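Me: I am new to this structure and would like to learn how to read it. Could you take me through some features one by one?

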Amino acid sequence: MLRRPWAGSPKRAGRRLRRNTHEGEVRRDVGEQARGSWRTCSAASARSKLPDAIGDGGAHTLRVATSSGMTSLYRPHPNRLRLFNGFTEWGRIREEIPIATRRLDDVEEVTAFDLLKIDIQGAELMVFQGAPQKLAEAVAIHTEVSFVPLYEDQPVFGDVDQELRRQGFIPHAFAAVKRWPIAPVVFGGDFRRAQHQLLEADVVYVRDVGHSESMTDEQLKQLALVANHVYGSTDLAHHCLSALATRNAAAPDAPNRCLTMLS
């Protein structure tokens, strides 16, 4: 048994799972600052690695690129790479490795989590479709989405959005938006400096609080913690506390005390 707060801040709380498909890494930072005690993690370590490539449970080819950040289960799209400065070289394939994937729902070592952070170069949708049971308990997903696909047959923002809405999530915030200059134009001598062209973004999805009656008390508590301590979303945290107070699962003045404390 291990007790551990979220890395980076003793005030942060919640349970986070970060999955890197290509490196087979799972990080669990578990904790809840509730009445002065941290939630106990049942894992052998708060940070552990599992030798699994998460996907749809099928056999695939891992395409290892010159830039590790471009490595993907999808084949790079030559025309799209040429469209943006730098990507032709970064996306050049140097090795192809046959790889077997597992559905996240089939990985027994991964237990309940509240926040999933994922960035696996186009295969995010594959993971979501293979994890309806585990995602049913989650309250937030932080995922990369693509507006202009850099890989052949890569799912784009609309595809991911439809699937997560189907599983009961709604968009909450753009955590980051990446723009990129269209080649060969270079602004101010910096080939990375963009003007308007969208490329990709990190989007935060949360459980649909428009139907908070379908959420458990625990989900509302965890979403309040994630909203406030991870994303600084005071209004979302207030909404969750209000729902809890209505159920007598939080003090009646908890929502207003939250606003006073954070104002």
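Me: Is cysteine 258 buried or exposed, and what is its relative accessible area?

Reply: A word first on the source: this is a predicted model. Burial is read from the relative accessible area, and under 20% counts as buried. Cysteine 258 has a relative accessible area of 9%, so it is buried.

Me: Which other residues of helix 8 are buried?

Reply: Begin with the general idea. An α-helix has 3.6 residues a turn, so residues three or four places apart point the same way. In helix 8, the buried residues are Ala254, Pro255 and Cys258. They lie on the same side of helix 8, because the arc they cover around the axis is only 105°. Asn256 and Thr260 are exposed, and they sit on the face of helix 8 turned away from its buried side.

Me: What covers the buried residues of helix 8?

Reply: The cover includes helix 7.

Me: How do I describe the packing of helix 7 and helix 8, and what are the values here?

Reply: Two packed helices are described by the angle between their axes and the distance between the axes. For helix 7 (residues 234-246) and helix 8 (residues 254-262), the angle is about 155° and the axes are 8 Å apart. The two helices are therefore roughly antiparallel to each other. On the side of helix 7, the contact is made by Thr234, His238, Leu241, Ser242 and Ala245. Helix 8 contributes Ala254, Pro255, Asn256, Cys258, Leu259 and Leu262. By type, the residues of this contact are seven nonpolar, four polar and no charged.

Me: Where does glutamine 121 lie?

Reply: Glutamine 121 is in the loop between strand 8 (115-118) and helix 3 (124-129). Here too the backbone angle is the point to read: phi of glutamine 121 is near 50°, a positive value in a residue other than glycine. Glutamine 121 is buried, with a relative accessible area of 11%.

Me: How many disulfides does a search of the whole structure find?

Reply: The search finds zero disulfides. To read this, check the distance between cysteine sulfur atoms; a disulfide needs a pair within 2.5 Å. From the sulfur of cysteine 258, the closest cysteine sulfur is in cysteine 240, 9.9 Å away, which is too far for a bond. Cysteine 240 is itself buried, with a relative accessible area of 0%.

Me: Which residues does alanine 224 touch, not counting residues up to four places away in sequence?

Reply: Alanine 224 touches Ala237 and Cys240. Alanine 224 is part of helix 6 (residues 217-230), and at 10% relative accessibility it counts as buried. Sequence and space can also be compared: alanine 224 and histidine 239 are 15 residues apart in sequence, while their C-alpha atoms are 8.1 Å apart.

Me: Where does serine 233 lie?

Reply: Serine 233 is in the loop between helix 6 and helix 7. At 9% relative accessibility, serine 233 counts as buried. Leaving aside neighbours within four places in sequence, serine 233 is in contact with His172, Ala227 and Asn228.

Me: Which residues of helix 5 are buried?

Reply: In helix 5 (residues 157-166), Val160, Asp161, Glu163 and Leu164 are buried. Seen down the axis, these buried residues fall within an arc of 170°, so they line one face of helix 5. They pack against helix 3, strand 9 (140-146), strand 10 and strand 11. The face of helix 5 turned away from its buried side carries Gln162 and Arg166, which are exposed. After helix 5 comes glycine 168, with a positive phi near 95°.

Me: Is the peptide bond from alanine 183 to proline 184 cis or trans?

Reply: Omega is the angle to read. For this bond, from alanine 183 to proline 184, omega is near 5°, and the bond is cis. Proline 184 is in the loop between strand 10 (169-179) and strand 11 (198-207).

Note on methods: Residues numbered from 1 in each chain as written. Predicted model: local features only at pLDDT ≥ 70, side-chain atom pairs only at ≥ 80, totals over all residues. Heavy atoms only, no water. Axes fitted to C-alpha atoms, helices over the stretch in contact; angles between N-to-C directions. Helix = DSSP H or I, 4+ residues; strand = E, 2+ residues; numbered from the N terminus. Parallel < 35°, antiparallel > 145°, perpendicular 65-115°, else oblique. Contact = heavy atoms within 4.5 Å. Nonpolar A, V, L, I, M, F, W, Y, C, P; charged D, E, K, R; others polar. Buried < 20%, exposed > 50% of the residue type's maximum accessible area, 1.4 Å probe, protein only. Arc of directions from axis to C-beta.
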